[in-house]
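Colleague: Could you walk me through this one? I'd like to start with the ligand and then move on to the packing.

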Amino acid sequence: MNTAKMQLAPKTTVAASHAVAAAEQFGTPLYVYDETCIVRHCRNVMDMPNAFGLAPRYAMKANSSRAILQLVASQGLGIDASSLNEARRAIAAGIAPERIMLTTQEVPMAQNRTDLEEMMRGGLRYNVCSRRQLELIADFAASEDIAISMRIHPGVGSGESATRNTGDKYSCFGVHLSILEDVLAYAGQKGVKCTGVHVHIGSGGDPEAWRANIDCELEFVENFFPDATHVSFGGGFKVARMPGEKAADIEELGCYAKKRFEEFYARTGRKLAMEVEPGTYIVANAGFLVTRVLDLKSTGRDGFEFVIVDGGMEVNTRPLLYGSSHPFYVVSATGSLLSSEFDPMLEETAAGERIIVGRCCESGDSQSLDEHGHIVPRFLAAPAVGDYVIVGGCGAYCSAMSPFNYNSHIQVPEVLLREGGSLQLIRRPQLIDQIWQNELGL
Ligand code: LLP
C-alpha cells in the first residue's frame, strides 16, 4: 500500500506527498490544482474534431482564479463570461476583450452599459439572452456595425440535477423559441446583424441530449439565422468525478458535430465554425481540496463514526447544494495514502463506514450528502487526528462557489502544482480582518 509518490486519482499528477507538502507550506484547508491535467484537458478541447474551425471558450465561472484564467488562455481557449464583472476580471488577468464572450442574465445599465459598449468596441462578443437586452444594445450595435450573438432557449435541456438543467421550461436562459422570430424581426428592423447562435442546455447532463442539441441548433441556424457564421453548443460536458462514473466522450461528440456541419454545408453551402464553452471539463478533476482531521466522534452503537475535518460546506458546497459526490482519500500525517475510492486494494483492515463532516454549525456540513440532504457514510480508512482527508473533483465550482466566510472562516489558499513539480501559491489565504474590513460599526 501507500506509496507516498502515488498519484491520487487516475490521470492526475497530484500525489499524496504533494498534498501534504502543500498543506505543510500553506496550511489547511487548501485547494491544489494540477497544471498538467488542466493543460491536457485544454488540449483535448482544442483538438476536438470539427469541420470548418473550432473556437473553444473556458466558462470562467467554474474557477476564475487569475492564474487559472491565464493558464487556460495560454492554451488558446477564449473566455465565456457570465457577468460583466467576470469580463472585467478576465480583462484584469490580461485577456483581451476580443477573446471574451459575455452571456449573462444581467441587463447592463448605467456604468455597466458604458463599460459593455467599451468592451464591445474592443472586440468582446455580446451573446444577447433576452429581448430587453437586445432592445438596449440594438442602436449601439447597429451604429457601430458590431454583430451580436444570440442565446436561444430551446425548450429542452439536460443537467446532472434539475437545478443544472438550463434548457427546459423551468429555467429562462436565452430567447425562447416561441418569440424568436419576433425578436429577430426587431433586430432586422434595427439593422443589427446576428452572426452567432448559442445554446447551453445544462451542466453534466446526458451526452445523448448534448448530441441531440447539435441537430436542433443547426436547424435553428438554417431556419432563422441567415447571417450566422458561428454556432456555440455551450458547455456542460459530463465528467466522471467518482470511480465508475461515465464521462462524455468529447472526441465522439466532436466527430458527430463535424459530420453534421459537413452535411449542413452540403445542403446550404454555408460553412459554420463550431464553438464550445466547457468549464467543468477543464478544471473539475484537476482540483483537490486538502483538509485535516481535527477530531473523531461517534454517535454510539447504532450510530456512526464521524471524522471532523477543517473544511466542509464552506469550501465545497456542491454536495449540500446538489447531492454531488466527490471522491475521498485518506492520507496519513506523514504522506502515506491510506485509502482511495479509486483503489480498493489500498484499504486496510481498519477501513469502515465513516461520515466526514466539516466544522460549521450545520448538520448538513458534509461533503457526502444525497440529493435530499441526508449524509451518506463512506467506506474509508480510519484516520487519526492530524491525518488528512483529501477531496477530489474540486477544481470546478468549489473555490468559485464557496460561501467561504460562513461561520467566519476565511477564504482559503489555492496552490498550483506546476508541470515541473513545484507548488506555486496562486491565491493567498484571506486575512482574518479582511472578513470585516467593509463593515461599519454603530
Ligand atoms: N456556458 C454557459 C452559458 C453556462 O451557463 C455554463 C454553466 C457553462 C458554459 C459551463 O458549463 P460546465 O461545462 O461547467 O458544465 N455549479 C454547477 C454547474 C452550473 C453551471 C452553470 N452554467 C456545478 O457545480 O455542477
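Modeller: Let me begin with lysine 61, where a side-chain N or O atom sits 3.4 Å from an oxygen atom of the ligand, a polar contact in the sense of a pair of N or O atoms within 3.5 Å. Bear in mind that this is a predicted model, in which local features need pLDDT of at least 70 and side-chain atom pairs count only at pLDDT 80 or more, while totals for chains, interfaces and linings use all residues. Residues are numbered from 1 along each chain as its sequence is written, and side-chain values use heavy atoms, with hydrogens and water left out.

Colleague: Which polar side-chain atom lies 2.8 Å from a nitrogen atom of the ligand?

Modeller: That one belongs to glutamate 277, and aspartate 80 also places a polar side-chain atom 3.4 Å from a ligand nitrogen.

Colleague: How much of the ligand's accessible area does the protein cover?

Modeller: The protein covers 90% of the 580 Å² that the ligand has on its own, with areas from the Shrake-Rupley method and a 1.4 Å probe.

Colleague: And why does the ligand lie between the domains?

Modeller: Because domain 1 (16-33 + 285-430) and domain 2 (35-283) both give residues to the shell around the ligand, the bounds coming from an automatic or database domain assignment.

Colleague: Switching to packing, what does isoleucine 282 touch?

Modeller: Leaving aside residues up to four places away in sequence, isoleucine 282 touches Ile38, His41, Cys42, Val45, Tyr58, Val72 and Leu77, where contact means heavy atoms within 4.5 Å.

Key
A polar contact is a pair of N or O atoms within 3.5 Å; within protein, one must be able to donate a hydrogen and the other to accept it, and residues adjacent in sequence count only if both atoms are side-chain atoms.
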